[in-house]
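The entries follow the order in which I looked things up.

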Amino acid sequence: MAQIWVCPLSRLEGTLRQTGARSVVTLMAQTVPLPPGIAAERHLWLDLSDIAEPLAGHVLPGVEHIDALLRFSTDWDRSAPLLIHCYAGVSRSTAAAFAVACALQPKADEAAIAAKLRAASPTATPNTRIVALADSRLGRSGRMVAAIRTIGRGVDCLEGVPFKIDIEHQDVDRPWAG
């Protein structure tokens, strides 16, 4: 069974040491250094803001971000955990973890994956735009959006606590790959 870990930027180095992750996804609209011990080709930085609607001075998550996330995650060999982080570890990173879990488990029920997310993190409040874009690219017909709506907003916090989601190996089609 493979693991997806989620954490805030402030806990990145400690979570890397704890988990042994060798692949990292960064979702932040600011440059971040290559995480320690991570090869450049195993780090995906997605330059995007934590917004769901256009806002001057911010980077709206787009299809190109989701396609890059899906490509990177399906290329992940799953021999060590995948670590996904954003600034607070609450919205962008939890949405990306949900999207990756759905992409890598195409036969799994979206509501069950969302329930696992909520059980693992009471503060998870996945970015609705990232979830909607992933839902569309994965051909989930609105089920991902509905599943996240069902678990609702997480507990308010300044920053999330690192958590993991276990995923089962399934064969993956890549409809977003073109």
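**Sheet and helix packing**

I began with strand β2 (residues 23-27), which runs parallel to strand β4 (residues 82-86) and is joined to β4 by four bridges. Strands (E, at least two residues) and helices (H or I, at least four) are DSSP runs numbered from the N terminus, and two strands pair if DSSP finds at least two bridges between them. I noted Ile-84 of β4 as the bridge partner of Val-25.

I recorded that this is a predicted model, in which local features need pLDDT of at least 70, side-chain atom pairs count only at pLDDT 80 or more, and totals for chains, interfaces and linings use all residues. Residues are numbered from 1 along each chain as its sequence is written, and side-chain values use heavy atoms, with hydrogens and water left out.

I then traced the open sheet: its five strands follow the order β3-β2-β4-β1-β5, with mixed pairing. The edge strands, β3 (43-46) and β5 (163-167), each pair on one side only.

I found helix α1 (residues 12-19) lying across β1 (2-8), β2 and β4, at about 160° to β1. Axes are lines fitted to C-alpha atoms, for helices over the stretch in contact (heavy atoms within 4.5 Å), and angles run from 0 to 180 degrees between N-to-C directions.

Last, I looked up helices α3 (residues 92-104) and α5 (residues 128-137), which pack at about 15° with axes 8 Å apart. That angle makes α3 roughly parallel to α5 (under 35 degrees). Arg-92, Ala-95, Ala-96, Phe-98 and Ala-99 of α3 make the contact with Ile-130, Val-131 and Ala-134 of α5.

Note on methods: Angles under 35 degrees count as roughly parallel, over 145 as roughly antiparallel, 65 to 115 as roughly perpendicular and the rest as oblique.
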